[in-house]
Amino acid sequence: MPHIVFTAQMSTGIESIDADHRGLVDVINELTDNIESHAHAVRVENTLAALISYAHDHFHREEKLMLQCRYGGLRQHMDDHHQFSLQVYELQRRYVLEPQTVELVEVRDFLGAWLTHHILETDMAYVQAVLKRPSGKAERLRQ
Ligand SMILES: [Fe+2]
């Protein structure tokens, strides 16, 4: 099962956001490693908890940036984050309470596909808004 690779195409050019995205890619790759090594359930639970925590912090940082930039697509973008968070919470709940109902390979594929698509499509849309603003450069540096 291949690891997700953070490509140049996925770079927003905003240092803190790229660092977060790399971190999220790393956690999903950790889940792949868990699967391949048939890791103990506690280890998988820790990986899912790390993903939730990391995603929470990252979404907050991104939403703050979009608000600072008066980004018009903020509401929809927040909805996407919220929807994803609910899905991952539900996967975590099922993995802990009803593990027989969770296929980790499918979880990993869902997470990888969501993150890649979200970065390339949804995140890149606000990056343009940041760059278009006259003060965009200063705001990028403050993040
Ligand atoms: Fe986002």
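1. Ground rules. The model is predicted, so local features need pLDDT of at least 70 and side-chain atom pairs count only at pLDDT 80 or more, while totals for chains, interfaces and linings use all residues. Residues are numbered from 1 along each chain as its sequence is written.

2. Helix 1. Helix 1 covers residues 15-36 and has 22 residues. Helices here are DSSP runs (H or I, at least four residues), numbered from the N terminus. From first C-alpha to last, helix 1 reaches 31 Å, close to the 32 Å expected at 1.5 Å a residue. That expected span is 1.5 Å times one less than the number of residues.

3. Buried side of helix 1. The buried residues are Ile17, His21, Leu24, Val25, Ile28, Leu31, Thr32 and Asn34. A residue is buried if 20 or more other C-beta atoms lie within 10 Å of its own, exposed if 12 or fewer, and partly exposed in between; C-beta atoms are placed from the backbone. An α-helix has 3.6 residues a turn, so residues three or four places apart point the same way. The cover over these buried residues includes helix 2 (41-68) and helix 4 (104-132).

4. Cores. The largest nonpolar core has 13 residues. A nonpolar core is a set of buried Ala, Val, Leu, Ile, Met, Phe, Trp, Tyr and Cys residues joined through C-beta atoms within 7 Å. Leu24, Val25, Ile28, Leu111 and Leu115 have the most contacts inside this core. Helix 1, helix 2 and helix 4 each give it two or more residues. Apart from it lies another core, of nine residues, including Cys69, Tyr71, Tyr126 and Val130.

5. Leucine 24. Leaving out residues up to four places away in sequence, leucine 24 touches Tyr54, Ala55, His58 and Leu115. Contact means C-beta atoms, placed from the backbone, within 7 Å.

6. Helix 2 against helix 3. Helix 3 spans residues 74-97. The axes of helix 2 and helix 3 come within 11 Å and cross at roughly 170°. Axes are lines fitted to C-alpha atoms, for helices over the stretch in contact, and angles run from 0 to 180 degrees between N-to-C directions. Helix 2 is therefore roughly antiparallel to helix 3 (angles over 145 degrees count as such). Contact residues include Leu48, Ile52 and Phe59 of helix 2 and Met78, Val88 and Tyr95 of helix 3. By class, the contact has 14 nonpolar, four polar and two charged residues. Ala, Val, Leu, Ile, Met, Phe, Trp, Tyr, Cys and Pro count as nonpolar, Asp, Glu, Lys and Arg as charged, and the others, Gly among them, as polar.

7. Helix 3 against helix 4. These axes come within 12 Å and cross at roughly 170°. The two helices are therefore roughly antiparallel to each other. His77, Asp80, Phe84 and Leu91 of helix 3 meet Val107, Trp114, His118, Thr122 and Tyr126 of helix 4. The contact divides into five nonpolar, three polar and one charged.

8. Positive phi. Most residues other than glycine have a negative phi. Histidine 38 has a positive phi, near 50°. Histidine 38 sits in the loop between helix 1 and helix 2. Arginine 70 has a positive phi of about 55° and lies in the loop between helix 2 and helix 3. Histidine 38 is exposed, with 8 other C-beta atoms within 10 Å. Arginine 70 is exposed, with 9.

9. Arginine 93. Arginine 93 lies in helix 3. Its 12 C-beta neighbours inside 10 Å make it exposed. The C-alpha atoms of arginine 93 and glutamate 45 are separated by 9.7 Å, though the residues are 48 apart along the chain.

Terms used
Two residues are in contact if their C-beta atoms, placed from the backbone, lie within 7 Å. Angles under 35 degrees count as roughly parallel, over 145 as roughly antiparallel, 65 to 115 as roughly perpendicular and the rest as oblique.
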